[in-house]
Amino acid sequence: MEYFLQQAINGITLGAIYGLVAIGYTMVYGIIGMINFAHGEIYMIGAFVAVIAFSILAMFGIANVPLAILIVLAVAVIFTSAYGWTVERIAYRPLRGSFRLAPLISAIGMSIFLQNYVQVLQGARVKPLQPVVTGGLTIMRSDHFTVALSYIQILIILTTVVLMIGFSLLIARTALGRAQRACEQDLTMAALLGINVDRTISLTFVLGAGLAAVAGVMVTLYYGVVDFYIGFQAGLKAFAAAVLGGIGSLPGAMLGGLLIGLVEAFWAAYFTVEYKDLATFAILILVLIFRPTGLLGRPDVEKV
Amino acid sequence: MTEAAVPTRIASAMKEAGLAAFVALVLAMPMVGLYTVDEGGVLVVRTRFDWVLIGVLVVFAGRLAMAYWPATLRIPARRDAAHVAADGHFNILKFLGIAAISLAVLLPVLPVTDRYVIDVATTVLIYVMLGWGLNIVVGLAGLLDLGYVAFYAVGAYSFALLARNFGLNFWECLPLAGALAALCGILLGFPVLRLRGDYLAIVTLGFGEMIRIVLINWQSFTGGPNGLTSIPRPSFFGLPFTRNPEEGETAFHQFFGLEFAPYHRLAFLYYLILALALVTNAFTMRIRRLPIGRAWEALREDEIACRALGINPTNTKLTAFAIGAMFGGFAGSFFAARQGFISPESFTFIESAMILAVVVLGGMGSQIGVVLAATLLVVLPELGREFAEFRMVLFGAAMIAIMIWRPHGLLARRDPSIVLPPARRGAA
């Protein structure tokens, strides 16, 4: 029981991070119908900016932990969003309206580019970061096992919940959210009704990159190590999460992220660590076979 | 152009360039300008602002040139695939094809060819064959497969395991490896081919990763991350390419009375993959004229119409998937035989992406385009060896640039499967 609870906590933490990245995939797919392959790299860049920012703060000796985290979050979100914007502007916008595979190949090219760009500039070695947030709560204690909820886990889960609420409000209530939903339904019609489609799509990429940056900061805090390759695996799983939850649906992305995180944690805990990724993809395939639109996705009608 | 127009154009170009330079500055500041060094377990930040300055200046100059250059000079008029005059173009491509094949056949005996050239050419041909195999799935049937490398891996491991455990030779293993890869294609395709295009892409991607995970972790069977070594080399109809053949065997050089040279084996491998690739090509060209090939292309264009005409979409897609997988398996066998060593390292996602890039950059459905793209994608990084670590950065950038320059691929023209006879076309 204690073991189960501990794994559930670990799984939810991991799932929250996947969920944040998955939102970026799901929004972009919802609006322009393409798989933004470079999104995982954007998340990786967020993590690297976080490592650099934390190191600078440590050099200046800023010891106030909440302040440091806030500063790093702000810095990471700003710079990573700039990357998100640029990626869309350079690699995807010229190909909008082209045939379906063109932006996908360009996205794969962008992914290769960013991965190696970071490798060349920041080095191929793993970057270890001194733990910033330490300590935690003990929830339950039995003779042989202690269930612990570390402060960093609380931070990750709380941040994710706050961002999700904020984001749902943004989509539901603001002018930008309305514009995004309009674009999702019909790009041409939205343009005819006076929505600046280019701007809306750009902002979607910026928002997605911002969330990925937050996820990158969180993962840096959580694991304490970052390398240039983390974007690929995380991106793949986050995309799986987006598809699992129903692509185009925000709550779906979050739910999918949580499910993937839980599956991974439990599989690693009860079966084999080596095959945890296998379990993730197997579940993705099973869900797609029996519910092709994902758990919360709308069935889409194919029109002639 | 009026006198006043020139300064405004410069001014607007300057504005654009300034904006781009500013964005470059923001992007470069954290990633180029700052980097961390691990010093005794503590990360220390170093600066590199001179690089940032260079980067920003390059972007400024580049954007200025792009904005100022007359637009007509830059982008060649895009010709719509359907409007290309059919006949003249056909002959050029046919000529190109024949020239390419003659060059390929003569390459090993040309005086300029050394071991390095033949090695690179063999790699190119592996990608050509993989590209042609994937072209059946992506180009003809319109199914986006991001996990093609899985079948390549199945073929390679089939050959390696069969040869090592049962002592079968290359020619016995080749059909078996193809069949096993096709079987995998069917097993995977059966449940997932009902899905829409993009989901299929992601499921195949997941499948590719799954195969790799199994290869890494099933130590006792696949050798795990260390891979499999000492895979037997293919022989020339039973004549091995060794200096000192075993008792009772005749080596290739002895049989033909030649001086022993390692080059013989390289040339033989080269001709082997050339033959395999040409078989793939011939197969594809022929099957396009069969009902099943026509059905693939029809499905790509309009699935609903196909259903209405009584074509079973799942079975039709399944055959495309299985046949594509089979050629992937053949190529995998060859790869294992050529390397003599395989490990999961060779079958990563990036490999799938490369093969897909070969197909899409070449122009989907274009056979000669695949050759062009494969040559480009293999030779570019080879040429870039001097740039060492920068070459993958350049590779990624080149992929984006080619896609933006020619979104439909280098040779964006698809042979129409059915062409009306000229007389009737004139009458219509």
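1. Which strand of chain A pairs with strand β2 (residues 136–141) of chain A, and in which sense? The partner is strand β3 (residues 146–150) of chain A, and the two run antiparallel, joined over five bridges. Please keep in mind as you look that this is a predicted model.

2. Stay with that pair for a moment. Together β2(A) and β3(A) make a hairpin, with four residues between the strands.

3. Two residues lie between β1(B) and β2(B). In that turn, look for B:G40, whose phi is positive, at about 60 degrees.

4. You can follow the pairing in chain B residue by residue. B:D38 has B:L43 as its bridge partner in β2(B). For B:T36, the bridge partner in β2(B) is B:V45. A friendly reminder for viewing these strands: in a regular strand, side chains alternate between the two faces of the sheet.

5. Now zoom out to chain B as a whole. Its domain assignment lists domain 1 (10–74) and domain 2 (93–405). Taken over C-alpha atoms, the centres of domain 1 and domain 2 of chain B are 39 Å apart.

6. Next, how do the two chains meet? On the chain A side, 65 residues are in contact with 62 residues of chain B. The size of an interface is often given as the accessible area lost when the parts come together. Between chain A and chain B, about 5,800 Å² is buried, and carbon and sulfur atoms give 77% of that area.

7. Polar contacts do occur, with a count of six residue pairs, both residues at pLDDT 80 or more.

8. Several elements of chain A supply at least two residues each to the side that touches chain B: α2 (39–60), α3 (65–92), α4 (101–122), β1 (127–128), α9 (230–245) and α11 (276–290). Of these, α4(A) gives the most, with 16 residues. By residue type, the side of chain A that touches chain B divides into 48 nonpolar, ten polar and seven charged residues.

Methods. Residues numbered from 1 in each chain as written. Chains lettered and ligands numbered in written order. Predicted model: local features only at pLDDT ≥ 70, side-chain atom pairs only at ≥ 80, totals over all residues. Heavy atoms only, no water. Pairing = 2+ DSSP bridges. Contact = heavy atoms within 4.5 Å. Buried area = accessible area lost by both parts, 1.4 Å probe. Polar contact = N/O pair within 3.5 Å; in protein donor to acceptor, adjacent residues only side chain to side chain. Nonpolar A, V, L, I, M, F, W, Y, C, P; charged D, E, K, R; others polar. Domains from an automatic or database assignment.
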